[in-house]
Amino acid sequence: MMLLCLTAGAQAGKKIKTIIVDAGHGGSDYGAQGEYEGSLNSKEKNITLAIAIKLVAELKKQMPGVQIIPTRTTDIYQSPKEKAQIANDNHGDLFVCIHADAVNLRTGSRIIGYRAETYHTVKYVGKGKKRKKILTPHTREVPIRQYFKIPTERKGTSTWIFAAHKTDAKIQAMEKSDLLFTTDENDSTLEINDDSPEWRAKALLYTQNYFKKSYKLASAIQEDIDSMGRQDLGVHQRQKGIWVLQATSMPAVLIETGFIANYEDERYLNSEKGQQQIAESITRALIKYKNQVETMQSNTVTEVLDSK
């Protein structure tokens, strides 16, 4: 009987007690910026902080029994390693990183006026030593061009997870994605030596313990995003390792809330309404995930007890 109680206690101990919320970028690291013609000139670091603050408030309100820890609450710079360390030191059960996406923008041009340009034609007269070169000036009108960045048509929300090697069919499916995203390397992406024994050990540990849980949480987030009417761009992994995900000892997701280089998305992400809707959507997904995980654990305990 004592053994059964210990088993139940061990299962109960896996409940979600601490969630880490990370606002991507910060301080001197602006992240993506609105650089297209007609943009709000907004900075990713400010959008992520605003959404993260609302998410923390919403989680504390709707999940009172869970400790919610933000990595930052002000405009400060933290290295990716510092962010991961905060999560690990606080023994987080889930890590949720907020970002806004970007793409390489096309350049357009328009004629805004004309200017006079002088050019010369060359003519030679005479022969031998008397041969001379005569330059005749002419004037012509040439256009003055203005160059500008064109906003991307791509918009919507995607969620990213750390997926080491091709150890699961879901990983292979994600790798086949034709969506081309860009990532600012200062914040979430660092070069990883795939041949390093240390990296391989971490990758294997993460894959065994956290990959499926991360995928489950990411899927829940995207399902709720879709239900609220935003474009669901799915769950993916980047070709480069995501430091704040692979260095955290817990299931972890990075949410690209929208495209700062898209006219509609930039305005949505900067609005109080948009930020609150995203915060509430992520909260609903986290509650759903928590209930699913803890219900599954509870059922596992019941099955063990019944079998005895």
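## Strands 3 and 8

In this predicted model, D101 stands opposite F259 of strand 8. Strand 8 covers residues 252-259 and is joined by six bridges to strand 3, residues 94-101. The two strands run parallel.

## Strand 6 and its residue T157

Strand 6 pairs with strand 7 in the parallel sense over three bridges. T157 lies in strand 6 and stands opposite D232 in strand 7. Four of the five residues of strand 7 are buried, which leaves this strand mostly covered.

Is T157 buried or exposed? The relative accessible area of T157 is 1%, and a residue counts as buried under 20%, so T157 is buried. Leaving out residues up to four places away in sequence, T157 touches several parts of the chain, including Q222, I225, D232, I255 and T257. The C-alpha atoms of T157 and A100 are separated by 8.7 Å, although these residues are 57 residues apart along the chain.

## Helix 6

Helix 6 consists of 17 residues, 211-227. At 1.5 Å a residue, helix 6 should span 24 Å, and its end C-alpha atoms are 24 Å apart, which agrees. Among the buried residues of helix 6 are F211, S214, L217, A218, I221, Q222 and I225. An α-helix has 3.6 residues a turn, so residues three or four places apart point the same way. After helix 6 comes G229, whose phi is positive, near 100 degrees.

The structure holds one aromatic pair. The ring centres of F211 and Y215 are 6.2 Å apart and the ring planes stand at 45 degrees, so the pair is tilted. Both residues lie in helix 6, four residues apart, about one turn of the helix. F211 has a relative accessible area of 3% and is therefore buried.

In soluble globular proteins, nonpolar side chains tend to be buried together. Here the largest nonpolar core has 40 residues, and I19, V96 and L286 have the most contacts inside it. Elements that give two or more residues to this core include strand 1, helix 2, strand 3, helix 6 and strand 8, together with helix 8 (263-270) and helix 9 (272-307).

Which residues are in contact with V96, leaving aside its neighbours within four places in sequence? They are I19, I20, V21, D22, L55, V253, I255, I282 and L286. A second, separate core has 13 residues, including I20, I69, A87 and F162.

How values were computed
Residues numbered from 1 in each chain as written. Predicted model: local features only at pLDDT ≥ 70, side-chain atom pairs only at ≥ 80, totals over all residues. Heavy atoms only, no water. Expected span 1.5 Å × (residues − 1). Buried < 20%, exposed > 50% of the residue type's maximum accessible area, 1.4 Å probe, protein only. Pairing = 2+ DSSP bridges. Core = buried A, V, L, I, M, F, W, Y, C linked by side-chain atoms within 4.5 Å. Contact = heavy atoms within 4.5 Å. Phe/Tyr/Trp six-rings, centres within 6.5 Å; stacked < 30°, edge-to-face > 60°.
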